[in-house]
Amino acid sequence: MLKIVGYPDRYSVAPGEDIAFKISLEEGEQFEARLVRVVNGDCNPAGPGLKFPHVPTKIDGTHAGKPQRIDAGSYMIADGVPAISAHPFTFLAFVWPTLPTRGEQVIAAKWDAATNAGISVGIGDEGRLSLTVGDGAGGTETVRVDHPMLERQWYQLAVTFDPASGAVTLDQRPLAAYAVIRDHGQFRGRVRLSVPAVKSPFYLAGRPEADGTVGHHFDGKIDGPMLLTGLRSHADHDALLAGVAPRDLRTAVIAHWDFSREIESVRAIDVGPFGRHGRLMQMPARGMKGHNWTGEEHAWPRKPEHYGAVHFHHDDIYDAQWETSVTLTIPEDLKSGAYALHARAGDSDETATRETYIPFFVRPPRDKAKRGKRPSVVVLAPTMSYLSYCNHAEHITARGAERQMGRLLTFGHADLYMYDHPELGGSQYDTHADGSGVCYSSRLRPNLNFSPRYHSWLGGPGSALYQYNADTHLFDWLDHKGVDYDLITDEDLHEEGYDLLADYRVVITGTHPEYHSTAMWDGMKAWIDRGGRLMYMGGNGWYWRIGFHKTEPGVIEVRRAEDGIRTWAAEPGEYYQSFNGEFGGLWRRIGRAPNVMAGVGFIAQGFDISTYYRRAPDADNPRAAFIFKDVPDEIIGDFGLVGGGAAGIELDCITPNLGGPPNMLRLASSDGHSGMMMLVNEEFGVVPPNLGGDQNERVHADLAFGETPSGGAIFATSSIAWCGSLLHNDYDNNVSRITWNVLERFLDETPFA
Amino acid sequence: MVYKIDPEIDRHYIEEFRQKPIGAHSPGLQRLLNLMRHDPSGRQVVLICRRPFEEWVLGMMPADRREPIAVEENLVFTDIEEAEWEVFRRRWRLLTGESINRPLRD
């Protein structure tokens, strides 16, 4: 179990800038901190071992710490809503509950947590619409309808309350009718308690608790919520939504939040006359189909009125909002590269880890004038892939992962902590507790598997590394070879595009650069088209499109649309990204297959073992002679720390007719895969009986090279496991030699072709 | 119809697994493992690392995440393949009623 966890306020920082670290201690009141460079995060005794050179800075020493908690769960909060319980009022909305039996959940509330006073509309007791009132003197009273709602069905709600008489009406009307099913719930009666005027804000999908958190979250969609004076009906709701309400009804509107407005934002627009706009907290899902979605339009930007729903989850998390524990000012002369804050709160043992490495990257100065002469090489750290996999917990939340891995799922202390702390939020591979996919991922929270020393349950036997920690093998190799390089992150590339790459001759990727925004994609392609030399050091690259939020920092969106390896699938009609209105999903389905960028594209995945490459005829092509200098071997990479070989985990190959350059050389292809290395589903229409690499000739990685017409070139390893072989035999092996030969030639300014 | 493990037919895969618990398997052993690795109760056996690359124990993850993982503290493995073998033997016994009384390595 982890006794210390934390996160930085950014993943990329420039010299002279501050980076703040937010630390939580499970034990004690202080921790030791120091800055280290991350060279190798793999403690496998079969490899070179951990390498974290200390970089002395002013933060060296002891710092105060304390426990910090995460208040997960999304909701809407709106100020300025008057004390509705002073006069008769009505709450109207559509809801689509996704966990109706989870317990008491609040749909709407004006509630004072300190005195337990106010009004709270919710569902409970197996999913029945309810009204709870609190008198502020210790008394609460709840009334409910007579039948529960069904999961994932739309209901139109009408809740009226007359404070003078205590009269209450509740009506939960299903939009779909089913024989035998009784889910039209009603209540007509009174509450005994009197409700004082409450000045607290108005909430949707949660309400304030006495401990300062927001709780009793609602799981599901809310659409068209409104508050009216007087006692109103479903027909009034319909008339207001249709814009045909008479004047006396229009003037009864206290607030009407229209979630189809400003979908790209976190604002909840009150279209009533008072402008009592709300704010959506902890990032509930937007661009969601509303109660009136017909299927005639699948793009919310073209028909937002069909996308008036917000999907709230009790396990949504955008910002952990932890206090800063220590702030580091990056020294002006600090070399660009991978770093971490090493925070230690005691000795570790079999049951507890009391130290953590919180990684981040130092990029070149933002001001070009201050950059001076830069190296020719830049490493692009795939931080948005690290973020998409943030707290990847399929080994906890799904079943079947052991079958997929072909071995037992290994849990380290970080995984045990993850198990006990679902409030950390899942990755974009996980589902919320209600089964809907996690489409947003934020870096403003601990990212337990973005850490040196993290050994992943899906990282391949041996070192069991995946994503960031697997990339430390590359960092180690670059360090050992004395390569002078800058490092930038995906987020830097998204923000600055081609201009950030323009002055570099060589880009080296990480092992798994899977997630790219349109700006990232365009920037990289522009650079390649202008003579850049790309060393693609992994597999499954340029696969999913992501979107960045326009106002909220550090959060990305993915829509698992219609194809690809998906652990969940977006609902039909919800393929468009809410952050920017773009069609989401695979870049391949958008018309930009990975092959367009890298000359190769995703073909297979399997996590049991890694294998080797066998030299192919193109290796003898004079164009490739420089790559095989001092490499006469027939077999390449039959060794390595990630699965035991250089070809494994996820593989790419040259595939005609996907937009890749036709001049790619197939230098070598992987061989010897087991039946667990399987063809990916975008590669077939009819499920073939021979999915596995032991029976399917298409299941292989292609080591590939091709020149570009602008004098540049592309080298693709096409395997996530490639970098796991670089360090073998004290860095002296054919994978290392091939990689070095390529880098050496790519650094030579002589144009290709 | 899902294949039902038959000890008479499948017994010879025990030795294949013992020889190589992790890696490429024959189609017959792979089918056996795919079936053995499914627990309809929703529970899941996991391997808990106490010291990286040195010590592991088994844990039973419940179907409901709100319940704690039950850890078998007293059976410590110093080799992951030994843990795989132990789990394989337990599952074979559960599914066939037969005990495998051979160690992973002679």
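Which residues of α6(A) are buried? In this predicted model, local features need pLDDT of at least 70 and side-chain atom pairs count only at pLDDT 80 or more, while totals for chains, interfaces and linings use all residues. Residues are numbered from 1 along each chain as its sequence is written, and chains are lettered from A and ligands numbered from 1 in the order in which they are written.

Helix α6 of chain A spans residues 413-420, and seven of its eight residues are buried (20 or more other C-beta atoms within 10 Å of the residue's own, with C-beta atoms placed from the backbone). These are His413(A), Ala414(A), Asp415(A), Leu416(A), Tyr417(A), Met418(A) and Tyr419(A). They pack against β1 (4-8), α4 (394-397) and β29 of chain A. Helices (H or I, at least four residues) and strands (E, at least two) are DSSP runs, numbered from the N terminus.

Between the chains, 24 residues of chain A are in contact with 25 residues of chain B, contact being defined by C-beta atoms, placed from the backbone, that lie within 7 Å. On chain A, α5 (401-405), β29 (410-411) and β38 (601-615) each supply at least two residues of the side that touches chain B. Strand β29(A) is joined by two bridges to β1 (residues 44-51) of chain B, and the two strands run parallel; pairing requires that DSSP find at least two bridges between strands. Thr410(A) has Leu47(B) as its bridge partner in β1(B).

Chain A is divided into domain 1 (75-312) and domain 2 (599-703 + 728-735), with bounds from an automatic or database domain assignment. The centres of these two domains, taken over C-alpha atoms, are separated by 55 Å.

Key
Two residues are in contact if their C-beta atoms, placed from the backbone, lie within 7 Å. A residue is buried if 20 or more other C-beta atoms lie within 10 Å of its own, exposed if 12 or fewer, and partly exposed in between; C-beta atoms are placed from the backbone.
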